[in-house]
Amino acid sequence: MAAKEKSLLPSGTIVPTHIGVIMDGNGRWAKKRGLPRKIGHREGAQTFRTITRHAKNLGVKYFTVYAFSTENWKRPADEVEALMDLFEKYLDEVRDFIEENIRICFIGDRTMLRPELQRKMKSVEEDSRDFDAMTLLIAINYGGRDEIVHAVKKLAKRVKEGSLSPDDINESVLENELYTAEIDGDIAPDVDLIIRPSGEQRLSNFMIWQSAYAEYYFTNILWPDFKPSDLEKAIIAYSDRNRRFGGV
């Protein structure tokens, strides 16, 4: 394992409880170098491992990464196939996180994924269930709108069965049906900070419900080039902001 990088966080820095990352720019990173897009995704996967470990070392308790969106199926078939192969490969290697007391969970609709990929996802979740240094949530075949529709359908079914009255539906009831509530014995808290590299400044259907009061940090750095020091810069920027949640 690589040596732990020295933290540059100033004393008194407020570390977010929950950070979400839109891992963007892999394809552009490869294109700039005249390489196939799948090489960019491979490099981005290595960055994911490095940044996840650093987030844990800094005291982040929940770390969510946007690995594959419901819209990503529109990409060329060979690129989607390469991404799925990469996910399956890294499900074997991500077990390294288990040795570091990191719990691993997956959010999104698994039904469109390969049966073997689903099996490995379930196995990783079960093997890391009791770990508590940090919870890593990997969003795969995930979309914020899809998540809300998924939750509403579950509530509608309960209403139809007579176990829930429409008048009893509130934010808390709906929140309990989101993908982020489908974690054994836990509901992931709302996101405090969302980081998006690559120069894009949009949410792209990522954690729409959970990011209602999130702070955003955008950078032009492409994801494969994102370093632990860049994560620290984002956290420092977050710490300097005044979060009032509608108050004064």
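The model is predicted, so local features need pLDDT of at least 70 and side-chain atom pairs count only at pLDDT 80 or more, while totals for chains, interfaces and linings use all residues. Residues are numbered from 1 along each chain as its sequence is written, and side-chain values use heavy atoms, with hydrogens and water left out.

**Helix 2 with helix 8**
- Helix 2 (residues 37-58) and helix 8 (residues 228-239) pack at about 50 degrees, axes 9 Å apart (helices are DSSP runs of H or I, at least four residues; axes are lines fitted to C-alpha atoms over the stretch in contact, with angles from 0 to 180 degrees between N-to-C directions).
- That makes helix 2 oblique to helix 8 (angles under 35 degrees count as roughly parallel, over 145 as roughly antiparallel, 65 to 115 as roughly perpendicular and the rest as oblique).
- On the helix 2 side, Thr50, Ile51, His54, Ala55 and Leu58 meet Pro228, Leu231, Glu232 and Ile235 of helix 8 (contact means heavy atoms within 4.5 Å).

**Helix 2 with helix 3**
- Here the angle is about 30 degrees, with the axes of helix 2 and helix 3 10 Å apart.
- That makes helix 2 roughly parallel to helix 3.
- Helix 2 brings residues including Arg37, Lys38 and Arg42, and helix 3 brings residues including Glu79 and Glu93.

**Largest pocket**
- The largest pocket has a volume of about 740 Å³.
- Its lining has 35 residues, and the closest to the centre are Met23, Tyr66, Ala67, Phe68 and Asn72.
- Helix 2 and helix 3 are among the elements that give two or more residues to that lining.

How values were computed. 1 Å grid on protein atoms, 1.4 Å probe; cavity = no way out; pocket = protein on both sides within 12 Å on 5 of 7 lines; lining within 4 Å. Points joined across faces, edges and corners; volume = space filled by probe spheres on them.
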